[in-house]
Amino acid sequence: MYYGEIKNCDIANGEGVRVTLFVSGCTNHCKNCFQPQTWDFCYGQPFTTETEDYLLSLLSPVYINGLTLLGGEPFEPENQRALVPFLRRVRQMYPDKTIWGFSGFTYEELTSDGTHPRCEVTDEMLSLLDVLVDGRFVEELKDLTLRFRGSSNQRLIDLNASRQAGCLCFLPDRPRGGR
């Protein structure tokens with residue numbers, strides 16, 4: 001797996017102050033994607049043990065609320081296979097920090113057999129996330145007032161609440177800057 005960028009102290013891609021990893025590789029190719037260079041599976045730097053260790057060190061300060069995975073597409077099968085062992089390490093070292101994942105695939109696509117993104121580690125990857133922001137960016141549904149997403153079809157799924165309730169539960173949909 002390759003990654004395009006690591007952001008420390010990111011406040012735009014999840015609640016609180018976060019460390020964000022932009023992975024490379026995406027087959028969705030959304031019109032007017034804000035990171036089209038990350039569609040290439042070989043864009044950026046190799047994701048190595050040293051990269052993992054660096055990310056884990058960035059997560060250590062108490063003011064960092066957690067990790068966010070963006071893309072490209074974290075749920076491309078080859079990316080999932082590389083990310084799951086790393087996410088296990090994050091959970092082990094920082095059980096109180098949250099992990100957010102952004103995906104152009106919907107939750108239903110990720111959990112339905114026979115779909116492109118679903119592979120042998122998808123369920124485990126979802127189990128390691130607290131929040132999933134799902135759905136492809138749709139230019140015609142672009143809405144800059146939405147919280148943590150770019151188009152109105154995308155959802156903020158609270159995976160912890162969803163696991164407890166046995167159905168999809170969503171984070172409150174406050175506009176950006178709202179209270």
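**Entry 1: the pocket**

I began with the largest pocket, which holds about 630 Å³ of space, and I note at the outset that I am reading a predicted model. I then asked which residues lie nearest the centre of this pocket. I found F34, F102, F137, G150 and Q154 there, within a lining of 30 residues. Sorting that lining by class, I recorded 13 nonpolar, 12 polar and 5 charged residues.

**Entry 2: the helix pair**

Next I turned to helix α1, which covers residues 49–59, and helix α2, which covers residues 77–93, and I noted that their axes come within 11 Å of each other and cross at roughly 30°. I count α1 as roughly parallel to α2, because angles under 35 degrees fall in that class. For the hand of the crossing between α1 and α2, I wrote down right-handed.

I also looked up which residues make the contact. From α1 I listed T49, E52, D53, L55, L56 and L59, and from α2 I listed F86, R89, V90 and M93. By class, the residues of this contact between α1 and α2 divide into 6 nonpolar, 1 polar and 3 charged.

Where does the chain carry a cis peptide bond? I found one running from G71 to G72, with omega near 20°, and I placed G72 in the loop between β4, residues 64–70, and α2.

I then looked at H29, a residue other than glycine whose phi is positive, with a value near 50°. H29 lies in the loop that runs between β2, residues 17–23, and β3, residues 45–46.

Terms used
Residues are numbered from 1 along each chain as its sequence is written. This is a predicted model: local features need pLDDT of at least 70, side-chain atom pairs count only at pLDDT 80 or more; totals for chains, interfaces and linings use all residues. Side-chain values use heavy atoms; hydrogens and water are left out. Axes are lines fitted to C-alpha atoms, for helices over the stretch in contact, and angles run from 0 to 180 degrees between N-to-C directions. Helices (H or I, at least four residues) and strands (E, at least two) are DSSP runs, numbered from the N terminus. Angles under 35 degrees count as roughly parallel, over 145 as roughly antiparallel, 65 to 115 as roughly perpendicular and the rest as oblique. A crossing is left-handed if the near helix is turned anticlockwise from the far one by less than a right angle, and right-handed if clockwise. Contact means heavy atoms within 4.5 Å. Ala, Val, Leu, Ile, Met, Phe, Trp, Tyr, Cys and Pro count as nonpolar, Asp, Glu, Lys and Arg as charged, and the others, Gly among them, as polar. On a 1 Å grid over the protein atoms alone, a cavity is a set of points where a 1.4 Å probe fits but cannot get out, and a pocket is an open set with protein on both sides within 12 Å along at least five of seven lines; lining residues have an atom within 4 Å of a point. Grid points are joined across faces, edges and corners, and a volume is the space filled by probe spheres set on the points.
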